[in-house]
Amino acid sequence: MGATLHRSARIAVRATKPQRRRLYGLLRSAGDVRALVLDCNRQLREWKLPPVVTYQALCREIAGMGFGELDSVAARSVLRHYSTEWFEAARRKKAGQRAGFPRRKKALIAPRWYHGTFRIDGDRLRLPVARGCPPLVVRLGREVPYAAETIRSVTLLSEAGRLYVDVTAALSPEHHGLDPAVVAGVDPGIIHPFAVVAGEEALLVSGRSLRAECHLHLADTKA
């Protein structure tokens, strides 16, 4: 039997103006969760005390707190990401590599919801919100390309002023259509982010093209 493959599809959100305000409110509230953790650990450093970095300890720190319409599942997803980021930096420092601990605040943070907390019905996505808030049901730009039982999480994010959701599914070997006997080598680079070779086929992702698109988008934004 082959291994389970996790795939993600990025789908645009078609939201009304009131829905956009609420969705951006969720992103800002997730940023508030990260800011709270950073401020707490900064204060602990000033007091010469060890930081709070484990996921369980961070969850205890925010227990009972409210962050706008952000529910507890999404708030804990921010804590999980922070904890993973902190321990990865610690591992790299221990190995003698350059690494920085997470100390930078961000206005918008992408919250994540896991299987069983959200509902997808065709091109409609219902996101959980804090208790007492009205339901939040948004329309997606297209239907999710995965079966409902395979979907494991959805992540709300903003990119270039537009709202998206990343839908992640766990696909079994008979569904992902990949041959486990085929091996691909991936070479991360600086000028060209990725070069992939599998057998006689190759794929090169051009970093110059990506930077050119970023510059064009920046010029359009300024205009």
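Q: At what angle do α1 and α3 pack, and how far apart are their axes?
A: In this predicted model, α1 and α3 pack at an angle of about 45°, and their axes are 9 Å apart.

Q: What makes α2 and α3 oblique to each other?
A: The axes of α2 and α3 cross at roughly 140° and come within 9 Å. Roughly antiparallel requires an angle over 145, and roughly perpendicular ends at 115. The pair is therefore oblique.

Q: Which residues make the contact of α2 with α3?
A: On the α2 side they are Y55, L58, C59 and I62; on the α3 side they are A75, R76, L79, R80, Y82 and S83. These divide into seven nonpolar, one polar and two charged. The crossing of α2 and α3 is right-handed.

Q: How do you know that the length of α3 agrees with its number of residues?
A: Helix α3 covers residues 72-94, which is 23 residues.

Q: Which residues of α3 are buried, and what do they pack against?
A: The buried residues are V73, A74, A75, S77, V78, L79, Y82, S83, W86 and A89. They pack against α1 (17-46), α2 (55-62) and β2 (112-114). Just after α3, G96 takes a positive phi of about 85°.

Q: Why is R22 called buried?
A: R22 lies in helix α1. Its relative accessible area is 18%, and buried means under 20%, so R22 counts as buried. Leaving aside neighbours within four places in sequence, R22 is in contact with E69, V129, C133, P134, P135 and L136.

Q: What does the protein chain come to in secondary structure, and what percentage of its residues is buried?
A: The chain has five helices and 10 strands. Buried residues make up 34% of its 223 residues. Among contacts between residues at least 6 apart in sequence, 62% join residues at least 24 apart.

Key: Residues are numbered from 1 along each chain as its sequence is written. This is a predicted model: local features need pLDDT of at least 70, side-chain atom pairs count only at pLDDT 80 or more; totals for chains, interfaces and linings use all residues. Side-chain values use heavy atoms; hydrogens and water are left out. Helices (H or I, at least four residues) and strands (E, at least two) are DSSP runs, numbered from the N terminus. The expected span of a helix is 1.5 Å times one less than its number of residues. Buried means under 20% relative accessible area, exposed over 50%, partly exposed in between (1.4 Å probe, protein chains only). Contact means heavy atoms within 4.5 Å. Axes are lines fitted to C-alpha atoms, for helices over the stretch in contact, and angles run from 0 to 180 degrees between N-to-C directions. Angles under 35 degrees count as roughly parallel, over 145 as roughly antiparallel, 65 to 115 as roughly perpendicular and the rest as oblique. A crossing is left-handed if the near helix is turned anticlockwise from the far one by less than a right angle, and right-handed if clockwise. Ala, Val, Leu, Ile, Met, Phe, Trp, Tyr, Cys and Pro count as nonpolar, Asp, Glu, Lys and Arg as charged, and the others, Gly among them, as polar.
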